[in-house]
Amino acid sequence: MDTAQAYGAASGTLSFSGDPGEPISGGQSYEYTAGAVQMFDVQASSNQNVLDVAIDVEEGTLWRLIVAAPDGQKLTEGTTYTGTKQWPYAQPEDPELVFGGNVNGTEKWCSTSSGSFTIQHIAFGPYGYVRELDATFEQYCNGSTVPVRGAVHAVMPEPPVELAMGMNVDPEGTVDGPDGRITVGGTVTCNKPTSVWIVGHVFQIQKKETPSATYDTTVACTPGAPVPWSVSLTSGEPGTSFQPGTATMRSRARADDRDYPVTADTGQQESTITLSKS
């Protein structure tokens, strides 16, 4: 599933218990608190259909809760989802529930399960980032008549800002040497660190020929002042070379948001640039 990057909960608890004979809990009660475990992560899919809670207690002990609304539906506050199943037995119209883990090398997972869960409260940020969660669940594992019952509560850090990225092309470039090598460039801006991929095409309409060249380059962008980029090119058209004068530059920049499953894209920008001898 496409999810926002995982961040540890600012506060939260996962608790669960079962009566004797229940295979996941072993008839015991457990409670884990964010800050007292190695990891307490809460994620959701970007379409708000799937929720994933992972608790890494210590080396060798990990618990995981996954719930999902029926296909095409968002997890909705105040809703109880009954008749849950788990992959590969769940159909598109079925909600899903999986709870289990690994405890000191012993796997505690169900081959089949049924049950229900309630989303008492959920607040989303961008692209499925979970801001707050209160949920309860009940799971019957491998045909057991004794359920494991649990609850998860979490408050996450404020969601990171979404990536804002821009690109500019310098209106001036240089041309030098017998091969007509040009140097062109511009700047990129961003509101958080990212790697910007820039692709483009430069061409110059002359009386008898049209030299042109394509390029791509990567720029490490950091917030603050615009970050410069440049490329040096010769014409890829045989027998042609760039000359001092005007040329057309088409450029496009893309960058992946490190916090969310999205790519910022400037779209193609067309600029007229002036090439001068260096």
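In the predicted model, five strands make up an open sheet in the order β3-β4-β5-β7-β8, with antiparallel pairing; strands here are DSSP runs of E with at least two residues, numbered from the N terminus, and two strands pair if DSSP finds at least two bridges between them. The edge strands of this sheet are β3 (39-44) and β8 (106-108), each of which pairs on one side only. Neighbouring strands of the sheet are turned by 10° against each other on average, direction ignored, where the axes are lines fitted to C-alpha atoms and angles run from 0 to 180 degrees between N-to-C directions. Strands of a sheet pair through backbone hydrogen bonds, either parallel or antiparallel. Between β3 and β4 (residues 50-58), the antiparallel pairing extends over 6 bridges, and alanine 44 has leucine 51 in β4 as its bridge partner.

As this is a predicted model, local features require pLDDT of at least 70 and side-chain atom pairs count only at pLDDT 80 or more, whereas totals for chains, interfaces and linings use all residues. Residues are numbered from 1 along each chain as its sequence is written, and side-chain values use heavy atoms, with hydrogens and water left out.

Within strand β3 lies valine 42, which is buried, with a relative accessible area of 5%; buried means under 20% relative accessible area, exposed over 50%, and partly exposed in between, for a 1.4 Å probe and protein chains only. When neighbours within four places in sequence are left aside, valine 42 is in contact with Tyr7, Leu51, Asp52, Val53, Val130, Leu133, Ala154 and Met156, contact being defined as heavy atoms within 4.5 Å. Valine 42 and tyrosine 129 are 87 residues apart in sequence, while their C-alpha atoms are 8.6 Å apart in space. Valine 37 is found in the loop between β2 (29-33) and β3 and, at 14% relative accessibility, also counts as buried. With neighbours within four places in sequence again set aside, the contacts of valine 37 are Tyr32, Ile55, Asp56 and Val57. The C-alpha atoms of valine 37 and glutamine 91, which are 54 residues apart along the chain, are separated by 35 Å.

Leucine 133 touches Val42, Leu51, Val53, His121, Ile122, Val152, His153 and Ala154, not counting residues up to four places away in sequence.

Aromatic rings were examined next. Rings of Phe, Tyr and Trp (its six-membered ring) pair if their centres lie within 6.5 Å, and planes under 30 degrees apart count as stacked, over 60 as edge-to-face and the rest as tilted. By this rule the count comes to 10 aromatic pairs. The rings of tryptophan 63 and phenylalanine 99 have centres 5.7 Å apart and planes at 10°, so this pair is stacked. This pair links distant parts of the chain, with tryptophan 63 in strand β5 (residues 61-68) and phenylalanine 99 in strand β7 (residues 96-103), 36 residues apart. Tryptophan 63 is buried at 1% relative accessibility, and phenylalanine 99 is buried with a relative accessible area of 0%. The rings of tyrosine 81 and phenylalanine 117 are likewise stacked, since their centres are 4.8 Å apart and their planes at 20°. Ring pairs also link Phe16, Tyr30, Tyr32, Trp63, Phe99 and Phe137 into a cluster.

Aspartate 259 lies in the loop between β18 (245-256) and β19 (263-265) and is buried at 4% relative accessibility. The side chain of aspartate 259 makes a polar contact with the side chain of lysine 192 (2.8 Å); a polar contact is a pair of N or O atoms within 3.5 Å, of which, within protein, one must be able to donate a hydrogen and the other to accept it, and residues adjacent in sequence count only if both atoms are side-chain atoms.

Technical notes:
Helices (H or I, at least four residues) and strands (E, at least two) are DSSP runs, numbered from the N terminus.
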